Amino acid sequence: MSRSNSWIFGLIFLAAFVYVAWNGFELPKFIFGKTDITTGKIVNTYHKWGVRWGGSYQRLKFVYSVNDSVYFNFTTVGEKYGRQNIGNRVKIKYSLQNPKKCKVEAFYNDYQNSDEEKFHTNENIGLSEISLTNGLYTFIKYGEQGKIIFENLGEYKFKNDSLILETFDKKTKNYFLITDFKNNRQLTDCETKIIFTN
């Protein structure tokens, strides 16, 4: 009996190891209780080389909201899902008891690339930068030695000659006036009058 138990234990261990290796050595996120479905968006991608038979995979940071609360989480995908890009929607199953617990159910390939447009300005505290990619923005302020002292993310839209940045929780909006100078665009913060160039 002890030999058969050892074989069973060995097979279970091997199956668990293969499953975890296939998923980029991420432990599965089990969801208990009632669940619901929502849609989120990929806000950042990190390319990694994996041990999956010499292949590569992406670590994705995504955002979703439940009952006016915003959550960020990560998942890892292999080559079988294709290249994912910033701004692509994801279908998310989450726990009603604890919305932080979630699992990505599907990917929607809304965008074929992650080309970004960057604007920057020098301030007394250092450098500030706005990146626009597929309907999402990142606003970062750098201090001494490139240390990030402020960062927020959200969605953007163009309206006439203005750019509107809105945080994911819908609580903050920033307005910028857009000016074109021979294909070089500038953004002027309507509140502070600070100019960002690309």
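Residues are numbered from 1 along each chain as its sequence is written, and side-chain values use heavy atoms, with hydrogens and water left out. As the model is predicted, local features need pLDDT of at least 70 and side-chain atom pairs count only at pLDDT 80 or more, whereas totals for chains, interfaces and linings use all residues.

The chain comprises 1 helix and 13 strands, taken as DSSP runs numbered from the N terminus (helices H or I, at least four residues; strands E, at least two). The average pLDDT, the predictor's confidence in each residue on a scale from 0 to 100, is 85 for the chain, and 84% of the residues score at least 70. Confidence is lowest in helix α1 (residues 2-22), with a mean of 67, and highest in strand β10 (residues 162-167), at 96. Where pLDDT is low, the predicted coordinates should not be read in detail.

Of the 198 residues in the chain, 35% are buried (under 20% relative accessible area, with exposed over 50% and partly exposed in between; 1.4 Å probe, protein chains only). Among contacts (heavy atoms within 4.5 Å) between residues at least 6 apart in sequence, 40% join residues at least 24 apart.

Strands β2 (residues 56-66) and β3 (residues 69-77) run antiparallel and are joined by 9 bridges; strands pair if DSSP finds at least two bridges between them. The two strands form a hairpin with 2 residues between them, and Asn67 in the turn has a positive phi of about 50°. Within this pairing, Lys61 stands opposite Phe74 in β3.

Leu60 is also found in strand β2 and is buried, with a relative accessible area of 1%. Leaving aside residues up to four places away in sequence, Leu60 touches Ile42, Asn44, Thr45, Asn73, Phe74, Thr75, Val77, Gln84 and Phe107. Leu60 and Val77 are 17 residues apart in sequence and 7.7 Å apart in space, C-alpha to C-alpha.

The second largest pocket holds about 280 Å³ of space. A pocket is an open set of points on a 1 Å grid over the protein atoms alone, where a 1.4 Å probe fits, with protein on both sides within 12 Å along at least five of seven lines; lining residues have an atom within 4 Å of a point. Of its 17 lining residues, Val43, Asn44, Ile86, Thr138 and Leu153 are the closest to the centre. The largest share of the lining, 4 residues, comes from β8.

Terms used
Grid points are joined across faces, edges and corners, and a volume is the space filled by probe spheres set on the points.
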